[in-house]
Every structure is written in C-alpha cells, then in structure tokens.
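Q: Hi, I have a structure open and would like to talk it through. Could you help me with a few questions?

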Amino acid sequence: MQEAPQDQPLLLFLYHPPFAAGLPHMGHIMLLNGAEEAALLARTQRPDFMLVGHVHRPIGGVWQGAPFHILRALDNKIALDLQSKERIPGTHELPTMRW
C-alpha cells in the first residue's frame with residue numbers, strides 16, 4: 001500500500017477480516033494480526049474500499065476509516081447465528097456474486 005499511487009482509488013482485498021465480524025463461531029479463525037493491519041493503514045493511505053472474504057455472510061461497514069464489504073460465499077454459506085461458538089452452522093441460502 002505504501003507504493004500505491006495517491007491519485008487513483010486503492011482497493012484492498014483480504015481473505016481474513018482484520019476485525020471481529022460479530023459471529024462467535026468464526027472468531028477463532030480471524031486474521032491474527034488485525035491490530036498490526038490497523039496500524040499499517042493508519043501510517044499509509046487508507047484504502048478507498050476493502051473487499052473481505054472468509055466469513056461467508058453479507059456484512060458491510062467501516063473499519064478504521066475504510067469501508068468494507070464481505071460477501072456470502074458461492075458454496076459453503078454460513079448461517080446467521082450470533083450464539084454458537086462451538087460449531088460453524090451452514091445454511092442453504094442463495095450464493096452471492098458481485099462485480
């Protein structure tokens with residue numbers, strides 16, 4: 001990111017979110033150095049948008065001043081379960097695709 005041109009939009013693609021997404025069953029498999037990632041973003045140009053994966057739920061918001069979006073997966077969709085910590089609940093929801 002430090003070499004990114006300042007006059008062009010900067011998109012950041014991450015597989016693991018650098019923040020807790022609010023799903024207890026996914027918390028133990030998040031990005032381990034999220035605080036370091038936040039410090040890097042604070043020292044450099046913030047991305048104009050972050051596209052994040054891994055959680056397999058449609059979630060959007062702003063993290064450390066950067067807007068983000070997480071899409072539901074094409075295959076293994078994760079149920080919206082805000083209670084379970086032990087198992088990752090699946091669902092038969094339709095997949096999400098964006099371009």
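Q: Which residues make the nonpolar surface patch?
A: Keeping in mind that this is a predicted model, the patch is made by Leu 11, Phe 13 and Leu 51, and its area is about 300 Å².

Q: Where is Leu 51, and how accessible is it?
A: Leu 51 sits in strand S2, which covers residues 49-52, and because its relative accessibility is 31%, Leu 51 counts as partly exposed.

Q: OK, now the inside: how many residues are in the largest nonpolar core?
A: That core has 14 residues, and those with the most contacts inside it are Phe 19, Met 50, Val 55, Ile 59, Phe 68 and Ile 70. Strands S1 (11-14), S2, S3 (59-63) and S4 (66-70) each give two or more residues to the core, with the largest share, 3 residues, coming from S4.

Q: What does Ile 59 touch?
A: If its neighbours within four places in sequence are left aside, Ile 59 is in contact with Ala 21, Phe 68, His 69 and Ile 70.

Q: Switching topic, how many aromatic pairs are there?
A: The structure holds 2. In one of them, the ring centres of Phe 19 and Trp 63 are 5.8 Å apart and the planes are at 40 degrees, so the pair is tilted. Phe 19 and Phe 68 also form a tilted pair, with 4.5 Å from centre to centre and 45 degrees between the planes.

Q: Are Phe 19 and Phe 68 buried or exposed?
A: Phe 19 is buried, with a relative accessible area of 10%, and Phe 68 counts as buried at 9% relative accessibility.

Notes. Residues are numbered from 1 along each chain as its sequence is written. This is a predicted model: local features need pLDDT of at least 70, side-chain atom pairs count only at pLDDT 80 or more; totals for chains, interfaces and linings use all residues. Side-chain values use heavy atoms; hydrogens and water are left out. Patches are made of residues with over 30% relative accessible area and no salt bridge: like charges are joined within 9 Å, nonpolar side chains (Val, Leu, Ile, Met, Phe, Trp, Tyr) within 5 Å. Accessible areas come from the Shrake-Rupley method with a 1.4 Å probe; for residues, only the protein chains shown count as cover. A salt bridge is a side-chain nitrogen of Lys or Arg within 4 Å of a carboxyl oxygen of Asp or Glu. Helices (H or I, at least four residues) and strands (E, at least two) are DSSP runs, numbered from the N terminus. Buried means under 20% relative accessible area, exposed over 50%, partly exposed in between (1.4 Å probe, protein chains only). A nonpolar core is a set of buried Ala, Val, Leu, Ile, Met, Phe, Trp, Tyr and Cys residues joined through side-chain atoms within 4.5 Å. Contact means heavy atoms within 4.5 Å. Rings of Phe, Tyr and Trp (its six-membered ring) pair if their centres lie within 6.5 Å; planes under 30 degrees apart count as stacked, over 60 as edge-to-face and the rest as tilted.
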